Amino acid sequence: MSDLLFDNQNLIFLLLHIVGSFVMLSLPLTLYRNPPTKINPFYGFRTAAAKRNQDTWTVANNYFNTNITRLSIATVLLQIPLFFLLPLPYGLLVSLIIWGIGLGLLFFLTQNHLHRVFDEQGNRK
């Protein structure tokens, strides 16, 4: 039984779990710890609503960065039981699908947050 856990294919999927977890945590934590301070075309939550002015940019990036960090931590914590409950490639696939759906939902929620806080010109309501 232990030989099955450590064959080459399972080791590859175990490494993918570890690397996937590292990427899922390191990128959002980088955004959270080093948020973009000025509007730019490369780094941060860059939608039209977020780039209206510096205030919308700051609010959007604070909201997005905080929640993507939470999403990533929850997804990595979910990977732990999935690693033991599902065959190796499927646990990683399920966690990536959940993270992807959560990321899409987070884009929608961040835009919704901006529309609740600001009017169409970017002034606070």
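Predicted model: local features only at pLDDT ≥ 70, side-chain atom pairs only at ≥ 80, totals over all residues.
1. Residues are numbered from 1 along each chain as its sequence is written, and side-chain values use heavy atoms, with hydrogens and water left out.

2. How many aromatic pairs does the structure hold? There are three (rings of Phe, Tyr and Trp, the last by its six-membered ring, pair if their centres lie within 6.5 Å; planes under 30 degrees apart are stacked, over 60 edge-to-face, and the rest tilted). One of them joins Phe 45 to Phe 64 in a tilted arrangement, with 5.0 Å from centre to centre and 35 degrees between the planes. Phe 45 sits in the loop between helix 2 (8–33) and helix 3 (54–85), and Phe 64 in helix 3, so this pair ties together parts 19 residues apart in sequence (helices, H or I with at least four residues, and strands, E with at least two, are DSSP runs numbered from the N terminus).

3. Now follow Phe 64, which is buried as well, at 6% relative accessibility. Phe 64 also pairs with Phe 107, again tilted, at 5.3 Å centre to centre and 50 degrees between the planes. Because Phe 64 belongs to helix 3 and Phe 107 to helix 4, the pair ties together parts that are 43 residues apart in sequence. Phe 107 itself is partly exposed, at 38% relative accessibility.

4. With a relative accessible area of 17%, His 113 is buried. Leaving out residues up to four places away in sequence, His 113 touches Val 59 and Tyr 63 (contact means heavy atoms within 4.5 Å).

5. Searching the whole structure gives two salt bridges (a side-chain nitrogen of Lys or Arg within 4 Å of a carboxyl oxygen of Asp or Glu). Glu 120 and Arg 52 make one of them, at 3.7 Å from N to O. This pair links distant parts of the chain, 68 residues apart: Glu 120 is in the segment after helix 4, and Arg 52 in the loop between helix 2 and helix 3. Glu 120 is exposed at 53%, whereas Arg 52 is partly exposed at 35%.

6. Where are the partners of the Asp 55 bridge? Asp 55 meets Arg 124, with the closest N and O atoms 2.9 Å apart. Asp 55 lies in helix 3 and Arg 124 in the segment after helix 4, a link between distant parts of the chain that are 69 residues apart. Asp 55 is partly exposed, with a relative accessible area of 30%.

7. Leu 85, Leu 86, Tyr 90, Leu 93, Val 94, Ile 97, Ile 98 and Ile 101 make a nonpolar patch of about 740 Å² (patch residues have over 30% relative accessible area and no salt bridge; nonpolar side chains, Val, Leu, Ile, Met, Phe, Trp and Tyr, are joined within 5 Å, like charges within 9 Å). Helix 4 (residues 88–117) gives the largest share of this patch, six residues. Ile 98 lies in this helix 4 and is partly exposed, at 35% relative accessibility.

Methods:
Areas by Shrake-Rupley, 256 points an atom, 1.4 Å probe, with all protein chains shown as cover. Buried < 20%, exposed > 50% of the residue type's maximum accessible area, 1.4 Å probe, protein only.
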